[in-house]
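Subject: Structure handover

Dear colleague,

I am passing on the structure we discussed, and I would be glad if you could look through it alongside the notes that follow it.

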Amino acid sequence: SYAQITSFISDRDATTKIKDKFNTTSQEAKSSFEAANKLMLSNPIKAIELYNKAISLDPNWVAPYLNKGNAISKQGNSKGAHEQLDKAISLDPN
């Protein structure tokens with residue numbers, strides 16, 4: 001749910017887990033994720049493609065699912081956004 005995601009994002013321990021995972025994921029996945037973050041506002045469709053690439057390289061990394069959900073939400077697709085957020089929660093329910 002949105003409340004779970006909001007509390008997850010504000011949870012310091014959860015943020016640390018995301019950062020720790022970022023330190024262990026591949027450079028190619030990180031590069032795609034960072035490029036997507038830069039494009040989130042100006043080109044959300046391209047950002048989603050790059051999040052998909054990061055996810056394909058590291059399907060257990062939560063952060064790309066969260067940000068992809070946000071990008072999909074900006075497109076007005078709340079169902080698609082919820083699917084991504086649900087996937088993130090399934091990977092790390094904390």
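Predicted model: local features only at pLDDT ≥ 70, side-chain atom pairs only at ≥ 80, totals over all residues.

Residues are numbered from 1 along each chain as its sequence is written, and side-chain values use heavy atoms, with hydrogens and water left out.

The protein chain has 6 helices and 0 strands (DSSP runs, H or I of at least four residues for helices and E of at least two for strands, numbered from the N terminus). Of its 94 residues, 37% are buried, meaning under 20% relative accessible area with a 1.4 Å probe, protein chains only. Among contacts (heavy atoms within 4.5 Å) between residues at least 6 apart in sequence, 53% join residues at least 24 apart.

Helix α5 (residues 62-74) packs with helix α6 (residues 78-91) at an angle of about 165°, the axes lying 8 Å apart; axes are lines fitted to C-alpha atoms over the stretch in contact, and angles run from 0 to 180 degrees between N-to-C directions. The two helices are therefore roughly antiparallel, a term for angles over 145 degrees. In α5 the contacting residues include Val 62, Leu 66 and Ile 72, and in α6 they include Ala 81, Leu 85 and Leu 91. By class, this contact has 8 nonpolar, 4 polar and 2 charged residues, where Ala, Val, Leu, Ile, Met, Phe, Trp, Tyr, Cys and Pro count as nonpolar, Asp, Glu, Lys and Arg as charged, and the others, Gly among them, as polar.

Best regards

How values were computed: Parallel < 35°, antiparallel > 145°, perpendicular 65-115°, else oblique. Buried < 20%, exposed > 50% of the residue type's maximum accessible area, 1.4 Å probe, protein only.
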